[in-house]
Amino acid sequence: MKVPLSWLKEYVDVDTSSEELAQKLTSAGLEVADIKVTGGSWDKIYIGQVLAVNPHPNADRLSLATVDLGTRQLTVVCGAPNLTTGDKVAFALTGATLVNGHTGKVEELKPARIRGVTSEGMICSEKELGIADNHEGILVLPQEYEIGKLLSDYLGDVIFDIEVTPNRADCLSVMGIAREIAALTGKPFKMPDLSYQESEKTVESMVSVEIQAPDLCPRYCATAIEDIKLGPSPKWMQDRLIACGMRPIVNIVDVTNYVMLEFGQPLHSFDYSQIKGKKIIVRRASEGETMYTLDEQERKFTSDILLIADAERPVAVAGIMGGLATEVRDYTRTILLESANFSQAAIHKGALALKLSSEASSRYEKGLNPELTYYAAKRATQLMARLGAGTVAKGIVDCYPGRTEKRPVSIARRDVKRLLGLDLSLTEIEKCLRSLGLECEKPETGVIYAFKPWWRNDINCTADLVEEVARVTGYDNIPLSMLSSSLPTGQGSRLFAFRQQLREVMVAMGFQEIITYPLTSLEVLKKLSAKSEIDGVAPLKLENSMSRELEYLRNNIRMGVLSVMARNQRNREIHIRLFEISKVFIPRTRDLPKESEILCGLIDSVVPDIYWQVKPKPADFYFAKGVVQALLARCGIYADYLPGEDMSLNPSRSADIIYNKMKIGVVGEIHPRVLANFDISEKAFMFELDVDKLFTIAGKQPVYKAVPRYPSLARDIALLVDAEVTYDKIVTALKKFNIISEVRLFDLYEGKQVPEGKKSMAFRLIYQAGDRTLKDEEVDGIQKQILAFLSKEFGATLRS
Amino acid sequence: MLDQIEEVVSQANAELQNISSFEELEAWRIRYLGRKSKLTSILRSLGDVPISQRKMVGARANQVRSILEESYSSRKATMESNVAVSLEHDKIDVSLPGEPFQIGRIHPTTRAINEICGIFSSMGFQVAEGPEVEWEYYNFDALNMPPDHPARDGFATLWVDYHTPTGTRPMLMRTHTSPVQIRSMEKTKPPIRIISPGRVYRYEATDATHEWMFSQVEGFAVDTNITMADLKGILFEFVRRLFGQDRKCRFRCDYFPFVEPGVEIAIDCFMCGGKGCRLCQNSGWIEILGAGMVHPDVLRGCGIDPEVYSGFAFGMGVERIPILRYGIDDIRLFYSNDLKFLNQF
Ligand SMILES: [Zn+2]
């Protein structure tokens with residue numbers, strides 16, 4: 001909302017600086033985004049009159065304008081479509097400071113040759129002057145402006161650009177802002193007089209209003225003006241419209257725009273002669289009903305669109321756009337002026353459905369007080385009369401089915417103290433509220449009953465009143481304290497800390513954390529599958545997805561991580577190690593989806609090959625497994641790895657990670673089919689762990705074991721076993737001997753040196769007793785027993 | 001006795017010639033010069049020597065002792081210089097590149113969340129988390145957002161294709177972390193102090209300053225006697241710990257449906273020091289947090305009596321912190337996962 005200071009001064013005396021005023025408004029919830037001093041840099045911008053408009057010799061869309069500046073006449077090249085001989089315009093001489101209409105930057109106007117013609121200045125638009133963003137065509141000034149005078153003599157002002165929060169639609173008006181200034185600076189608010197001269201003929205005799213949809217239209221006011229004399233509005237009105245970024249058009253339009261800016265109430269004028277049956281009906285559209293709107297489009301309505309109709313047909317889309325048939329034209333003799341209140345929801349739905357949005361509709365969408373309609377109707381009618389735009393009929397037709405009882409809200413000293421921590425007397429509280437226009441009653445001691453003023457919508461409970469007190473007192477005056485209340489019991493979420501521990505271990509092992517989107521497409525999900533459809537339960541779908549790529553809620557993390565690897569490989573990254581901890585969404589019947597947290601790690605097999613020493617080894621299955629084992633060890637978890645059947649992984653080189661018969665994850669080499677689908681160039685290795693399960697397992701405290709006090713003994717043995725015997729089986733067998741504290745495989749061989757179908761495994765066994773230093777002889781004896789056992793179990797023999 | 005001394009000398013000298021390590025040298029020193037050395041025992045048994053010889057034997061023993069000590073130090077010096085010479089031969093080019101060790105990094109969003117939650121944890125707040133797919137009730141209704149609030153539009157919120165028998169669509173991707181307030185207050189009775197980080201989603205066209213997925217941290221406290229002064233104190237302290245002790249804070253009225261009175265907290269711009277620049281859009285202030293006193297209707301809806309209890313709530317965008325700190329000019333970089341971006345933090 002752009003508000004000129006000069007206009008605000010009509011309702012309130014301002015003796016503080018613009019900066020201080022802006023700071024006060026901002027603090028009270030009306031953020032002043034910008035203070036623009038217009039005219040300050042206009043020392044080379046004059047009032048000119050267009051004497052002639054000729055076509056540019058070398059360009060179709062440009063014209064040559066001769067402009068009279070009083071002392072001299074200059075020719076400029078101009079591209080504006082609305083340039084008309086006789087118009088008064090803002091003319092900038094070279095050297096003037098202007099806003100570049102395309103870039104928005106402030107620049108000095110340079111002399112220019114455009115298509116072979118020298119341009120001796122520029123005819124400005126609002127944007128170039130820095131008044132508004134309008135850049136279509138040039139700004140046409142009131143005829144009263146004197147040729148040769150500086151523009152700043154007429155339009156210099158301070159413009160506040162204020163961001164109004166959704167609860168304060170009343171402040172989308174000059175009067176609303178002025179009321180705030182009055183309260184914040186302790187000055188009285190000066191309400192303009194709304195009286196006017198009326199003719200004998202009554203509005204009631206001209207039209208009747210019927211509201212058939214009172215839920216969508218709480219109030220409808222109408223006045224009528226006869227003997228319309230169209231003409232320009234006076235300079236003071238045009239100046240204010242221009243300063244607020246609106247273009248003056250013709251008196252009756254200017255008045256409705258002026259009152260919309262002043263009171264915040266949108267108004268609409270109908271050509272009375274086109275209203276059939278002297279009747280206005282506010283009703284829902286019948287399904288499929290049509291009408292031509294002002295923009296000459298035929299509109300088709302559904303039954304939830306609110307229409308203004310006469311006895312026969314629709315004449316306007318309520319609060320959004322007028323109908324073409326009842327548009328006010330040059331020959332209009334009588335206008336019917338509408339000042340109505342429509343529900344936020346009705347206008348919001350209508351604007352969305354018709355893809356139409358206007359200044360009026362956006363104001364209705366923010367919610368206006370029905371009380372406003374009456375005052376705005378009176379003001380607009382008064383201005384019509386004052387401007388000599390016509391003769392005003394007597395009275396106002398006021399249909400007000402949505403009238404509500406005035407209900408007070410109570411506030412006591414205690415309420416302010418317990419919400420703000422600020423101890424104010426009841427008198428001080430009352431003073432704050434009264435300054436904002438609230439009526440206060442004190443039926444009993446210690447409490448105020450406050451009634452909200454007619455322009456406010458947002459004061460409905462004690463907390464609302466407390467906010468008003470805080471705003472007027474100043475948020476800066478609220479003291480500082482540090483929560484003296486007792487600390488809560490319980491621990492909060494330990495999963496948060498656990499997840500962070502997982503991240504730190506991953507990072508320590510060289511993995512980069514990534515975060516991917518949880519939405520995806522069926523196409524991407526299918527990339528993981530061996531069949532043409534998706535594995536597992538169908539994923540949840542969005543009702544209103546933003547694009548086909550973001551239509552489904554993911555049921556796995558890996559597809560995101562794989563995509564990130566592919567993307568980075570395209571950027572020529574190598575040696576990629578990624579991990580993500582995020583949620584997957586598993587649909588459930590009649591409930592929110594189950595959100596499981598998964599840790600997914602992904603490793604490529606490309607290593608930097610330009611190192612000058614021994615080259616690093618490319619990753620393989622055992623690298624990925626090593627990462628998993630280290631991560632789990634950090635959580636105190638020692639799991640089993642059994643051949644797995646994950647569809648995304650190579651069936652010969654993947655494992656399910658099992659703890660206590662529960663599958664907690666997978667690890668393996670990515671299936672070549674999946675690699676190809678994701679366009680990943682080399683082998684890659686992946687693991688996934690269920691974070692929720694890890695958290696449950698790791699939640700148990702580790703059990704302390706005494707640190708060994710006696711030295712251990714190491715013995716190496718090389719065994720020859722059948723090729724099918726897995727490492728796991730031998731280790732399990734060895735671990736049955738309690739004296740063996742550790743088994744390390746240090747060599748594995750299959751090939752020419754050993755018989756066909758056999759393999760050689762060399763282990764280092766660490767013997768450790770808790771109560772004595774082991775002697776060689778004792779260990780020799782045990783090792784014999786072990787060999788006998790392995791020979792019996794697996795047919796193992798010592799390899800010589 | 002003298003013969004014994006001479007024997008020690010010749011034996012010691014012979015041994016010393018063959019010593020090659022510092023360990024052997026030390027053993028030699030203990031053997032011939034230590035408290036239990038032969039020489040020491042000879043000196044100790046001087047009382048048994050006839051008085052006539054005692055003086056001479058004692059003098060010789062002491063003389064031998066200093067000779068051996070000298071031999072020891074000279075041998076030690078030689079060996080040390082030998083070591084220095086051999087190390088000289090080992091000289092390498094220390095400017096050659098080291099092993100290409102891979103390091104990982106935590107995502108800048110996670111880092112910021114940890115930092116924020118860490119500060120609030122130290123002020124007695126506990127971490128709580130909620131689902132990312134939510135019921136409309138928790139995301140909107142319970143937070144005092146009217147049924148026709150524009151945030152509920154299909155052009156603002158991502159709705160999940162899930163229909164109840166009555167045809168309503170109550171499931172959505174949460175648009176803020178505020179539903180955790182409701183879930184926590186339904187479960188726990190005051191005193192409550194919660195900090196809740198998480199991802200949130202909007203129906204949004206993306207550009208350099210807009211992303212449809214981002215992160216928030218929500219915090220709130222409910223108890224008897226919690227005032228806006230507490231909110232101001234806690235958040236000012238938070239801002240100073242996050243952005244530095246010299247930062248100035250602005251505490252102004254703002255509007256959010258689920259708080260009343262509402263507050264916005266901004267810090268003075270650290271690029272321009274408050275004079276106005278591109279970063280702060282010429283205002284001199286950078287908005288950091290939205291906050292306020294929990295709306296009485298919200299408390300009531302969770303079964304907490306607003307006449308007895310009061311509370312404050314605040315929320316902040318997480319990505320904003322690294323964006324401001326590192327001068328990142330495009331929010332889309334956070335979740336496009338380009339390693340050349342992630343590698344920088
Ligand atoms: Zn700045």
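Mentor: Happy to! Let's begin with the side chains of A:His575 and A:Arg577, which are joined by a polar contact of 3.0 Å. A polar contact here is a pair of N or O atoms within 3.5 Å; within protein, one must be able to donate a hydrogen and the other to accept it, and residues adjacent in sequence count only if both atoms are side-chain atoms. Before going further, please keep in mind that this is a predicted model, in which local features need pLDDT of at least 70 and side-chain atom pairs pLDDT 80 or more, while totals for chains, interfaces and linings use all residues, and side-chain values use heavy atoms, with hydrogens and water left out. Residues are numbered from 1 along each chain as its sequence is written, with chains lettered from A and ligands numbered from 1 in the order in which they are written.

A:His575 sits in the loop between α17 (558-570) and β32 (577-586) of chain A. Helices (H or I, at least four residues) and strands (E, at least two) are DSSP runs, numbered from the N terminus. A:His575 counts as buried because its relative accessibility is 11%; buried means under 20% relative accessible area, exposed over 50% and partly exposed in between, with a 1.4 Å probe and protein chains only.

Now to other parts of chain A. An automatic or database assignment sets the domain bounds, and it divides chain A into domain 1 (2-38 + 161-185), domain 2 (45-155), domain 3 (203-399), domain 4 (409-477), domain 5 (495-697) and domain 6 (713-798). The C-alpha centres of domain 1 and domain 5 of chain A lie 55 Å apart.

Helix α15(A), residues 494-508, has 15 residues and spans 21 Å from first to last C-alpha, close to the 21 Å expected at 1.5 Å a residue; the expected span is 1.5 Å times one less than the number of residues. At its start, a side-chain oxygen of A:Ser493 comes within 3.3 Å of the backbone nitrogen of A:Leu495. The buried residues of α15(A) include A:Leu495, A:Phe496 and A:Phe498, and charged A:Arg499 and A:Arg503 are also among them. Just after α15(A), A:Gly510 takes a positive phi of about 95°.

Compare helix α7(A), residues 235-243: seven of its nine residues are buried, so the helix is largely enclosed by the rest of the structure. Among the buried ones are A:Met237, A:Asp239, A:Arg240 and A:Ile242.

Next, some strands. Strand β34(A), residues 640-643, and strand β35(A), residues 649-659, run antiparallel and are joined by four bridges; strands pair if DSSP finds at least two bridges between them. They form a hairpin with five residues between them, and A:Leu642 has A:Asp656 as its bridge partner in β35(A). β35(A) also pairs with strand β36(A), residues 662-670, in the antiparallel sense over seven bridges, where A:Leu649 is partnered by A:Ile670. In this second hairpin, with two residues between the strands, A:Asn660 takes a positive phi near 50°. In a regular strand the side chains alternate between the two faces of the sheet.

Finally, chain B, which is divided into domain 1 (2-90) and domain 2 (108-342), their C-alpha centres separated by 80 Å. An open sheet of seven strands in chain B has the order β1-β4-β5-β9-β8-β7-β6, with mixed pairing. Its edge strands are β1 (126-127) and β6 (249-253), each pairing on one side only. Within it, β5 (213-223) and β9 (310-317) pair antiparallel over eight bridges, and B:Gly219 has B:Phe314 as its partner in β9(B).

The zinc ion has B:Cys269, B:Cys272, B:Cys277 and B:Cys280 as protein donors, each through SG, at 2.2 to 2.3 Å. Donors are N, O and S atoms within 2.8 Å of the metal (3.2 Å for Na, K and Ca); water is not among the atoms, so sites may look incomplete. Along the sequence the spacing reads C-x2-C-x4-C-x2-C. B:Cys269 is buried at a relative accessible area of 0%, and B:Cys277 is buried at 15%.
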